Amino acid sequence: MARKPRFVLPGVPQHIIQRGNNRNPCFFSEADCQKYLDVLHEAADKNEVAIHAYVLMTNHVHLLATPNLPHSIAVMMQDIGRKYVRYINKGYSRTGTLWEGRYKASLVDSEAYLFTCMRYIELNPVRAGMVSHPGEYFWSSYSCNAAGKTNPLIQAHPLYDLCGSSPTQRCRAYRELFLSDLDSAQIHQIREAVCKELVLGRDSFKDKVKDMTQRQVRSGQPGRPRIEDEAGIYYIF
């Protein structure tokens with residue numbers, strides 16, 4: 001069966017998820033997490049991709065990224081795959097695949113869903129029961145976006161820059177977004193979009209993307225679709 005073509009719209013953010021094969025771990029130590037971030041930073045710079053948010057879980061990765069070129073994200077993920085998998089296989093004397101097939105991605109309507117998606121990503125460790133607050137988890141972008149900690153990997157989205165006239169104001173406004181939890185409908189929308197590789201956004205945004213790409217942008221299944229959840233084995237290093 002031919003692979004479904006990806007949505008490719010330079011300048012539009014994408015929510016990306018990549019899982020370990022059979023939900024097995026893809027990070028075994030803190031050194032592995034740091035290596036992945038180093039490889040991601042290099043690949044993002046090389047391929048003109050702006051990373052706005054991320055979280056590294058034990059058996060999967062979430063990214064929110066905006067490509068500058070049509071194939072920026074695809075080539076970035078290929079670069080990461082080659083370098084990081086080679087590092088893991090060599091370091092742990094293993095062979096074979098590390099990831100569960102190719103990554104999944106959904107286009108994100110930035111004006112309506114950018115911050116919702118960022119919260120979803122950075123709240124992963126809280127939903128997994130690993131920490132009680134996203135600021136307690138080291139391997140995410142929360143400390144940069146919410147506390148202003150220097151992180152060379154992160155490039156602020158233009159909408160983030162509009163949250164305040166100074167870094168302090170922007171961080172405060174971002175932290176305030178986390179005072180309320182995402183509701184179940186928002187979580188469902190985000191999971192459906194990325195797992196089915198559709199579009200996360202308002203109807204007007206979906207219609208615009210459909211006209212531009214001639215692709216299905218909504219789920220065509222009747223009733224509530226069956227969606228992969230984020231269940232799995234999680235560890236605190």
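Helices (H or I, at least four residues) and strands (E, at least two) are taken here as DSSP runs, numbered from the N terminus. On this basis the chain has nine helices and five strands, and, read along the sequence, these elements follow the pattern β-α-β-β-α-β-α-α-α-α-α-α-β-α. The radius of gyration, taken over C-alpha atoms, is set against a globule rule of 2.2 Å times the number of residues to the power 0.38. The radius of gyration of the chain is 17 Å, close to the 18 Å that the rule gives for 237 residues, so the chain is as compact as a globular protein of that length. The structure is a predicted model, in which local features need pLDDT of at least 70 and side-chain atom pairs count only at pLDDT 80 or more, whereas totals for chains, interfaces and linings use all residues. Residues are numbered from 1 along each chain as its sequence is written, and side-chain values use heavy atoms, with hydrogens and water left out.

Taken along the principal axes, the box filled by the C-alpha atoms of the chain is roughly 50 × 50 × 35 Å. With contact defined as heavy atoms within 4.5 Å, 76% of the contacts in the chain between residues at least 6 apart in sequence join residues at least 24 apart. The accessible surface, from the Shrake-Rupley method with a 1.4 Å probe and, for residues, with only the protein chains shown counting as cover, comes to about 11800 Å², of which 51% belongs to carbon and sulfur atoms. For charges, Lys and Arg count as positive and Asp and Glu as negative, while His and the chain ends are not counted; the place of a charge is taken as NZ of Lys, CZ of Arg, CG of Asp or CD of Glu. The mean positions of the 30 positive and 24 negative charges of the chain are 5 Å apart.

Residues are termed buried under 20% relative accessible area, exposed over 50% and partly exposed in between (1.4 Å probe, protein chains only), and buried residues make up 49% of the 237 residues in the chain. A nonpolar core is a set of buried Ala, Val, Leu, Ile, Met, Phe, Trp, Tyr and Cys residues joined through side-chain atoms within 4.5 Å. The largest such core holds 59 residues, of which Y36, L40, I51, L56, L63, M76 and I80 touch the most other members. A second, separate core consists of eight residues, including F7, L9, L107 and V199. Within the largest core, I51 is in contact with L40, A44, L64, A65, M76, L153, I154 and Q155, leaving aside its neighbours within four places in sequence.

Q18 lies in strand β1 and, at 9% relative accessibility, counts as buried; apart from neighbours within four places in sequence, Q18 is in contact with H60, V61, M77, W99, G101, R102 and Y103. D109, in the loop between β4 (104-108) and α3 (110-122), is buried with a relative accessible area of 2%, and, not counting residues up to four places away in sequence, D109 touches L114, L200, G201, R202 and F205. N124 is found in helix α4 (residues 124-127) and is likewise buried, at a relative accessible area of 3%.

Backbone geometry was also considered. Most residues other than glycine have a negative phi. N22, although not a glycine, has a positive phi of about 55 degrees; N22 is found in the loop between β1 (14-19) and α1 (30-46) and is exposed, with a relative accessible area of 58%. E197 also has a positive phi of about 55 degrees without being a glycine, and is found in the loop between α8 (184-195) and β5 (199-200), where E197 counts as buried at 11% relative accessibility.
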